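Here is a briefing on one chain. Look over the sequence and the model first, then read the points below.

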Amino acid sequence: MSKTCIKCNRTFEESEVEDPTSQKYPSCPDCWKEWTTYAVMVMNEMRLDMSLPEHRKALRKYEKGFFEKTLGELEKKPENK
Ligand SMILES: [Zn+2]
């Protein structure tokens with residue numbers, strides 16, 4: 001079955017999806033990979049501890065923002081290169 005990615009609007013085959021978690025928001029494997037990379041950055045930046053419920057909740061907020069494009073402060077920060 002084909003689906004449309006909520007993030008990039010591309011169609012992708014559901015059979016290409018390796019991680020079922022990514023279908024919480026319909027996202028293509030590429031965007032999901034992008035999110036997982038981003039999530040690591042968020043976890044480092046915010047010093048999130050995934051064993052704490054509040055921290056997991058905070059990350060879910062970023063996840064929602066990432067896929068629904070409502071992301072605020074982190075994305076606006078200039079990149080340090
Ligand atoms: Zn996508």
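M1 is exposed, with 5 other C-beta atoms within 10 Å. The cut-offs run as follows: a residue is buried if 20 or more other C-beta atoms lie within 10 Å of its own, exposed if 12 or fewer, and partly exposed in between, with C-beta atoms placed from the backbone. This is a predicted model: local features need pLDDT of at least 70, side-chain atom pairs count only at pLDDT 80 or more, and totals for chains, interfaces and linings use all residues. Residues are numbered from 1 along each chain as its sequence is written.

**The start of the chain**
- M1 sits in the segment before β1 (2-4).
- M1 and E13 are 12 residues apart in sequence, yet 5.9 Å apart in space, C-alpha to C-alpha.

**The chain overall**
- The chain has three helices and two strands; these are DSSP runs, helices being H or I of at least four residues and strands E of at least two, numbered from the N terminus.
- Along the sequence the pattern is β-β-α-α-α.
- Of the 81 residues, 9% count as buried.
- Among contacts between residues at least 6 apart in sequence, 20% join residues at least 24 apart. A contact means C-beta atoms, placed from the backbone, within 7 Å.

**Helix α2**
- Helix α2 covers residues 53-68, 16 residues in total.
- From first C-alpha to last, α2 reaches 22 Å, close to the 22 Å expected at 1.5 Å a residue; the expected span is 1.5 Å times one less than the number of residues.
- Y62, F66 and F67 are the buried residues in α2.
- They cover an arc of only 125° around the axis, which puts them on the same side of α2. The arc is taken from the directions from the helix axis to the C-beta atoms.
- The face turned away from that buried side carries the exposed residues P53, E54, K57, R60 and E68.
- Just after α2, K69 takes a positive phi of about 55°.

**Packing of α1 and α2**
- The buried residues of α2 pack against α1 (29-45).
- The axes of α1 and α2 come within 11 Å and cross at roughly 140°. Axes are lines fitted to C-alpha atoms, for helices over the stretch in contact, and angles run from 0 to 180 degrees between N-to-C directions.
- The two helices, α1 and α2, are therefore oblique to each other; under 35 degrees counts as roughly parallel, over 145 as roughly antiparallel, 65 to 115 as roughly perpendicular, and the rest as oblique.
- On the α1 side, the contact is made by W35, Y38, A39, V42 and M43. On the α2 side, L59, Y62, E63 and F66 make the contact.

Definitions and conventions. Contact = placed C-beta atoms within 7 Å.
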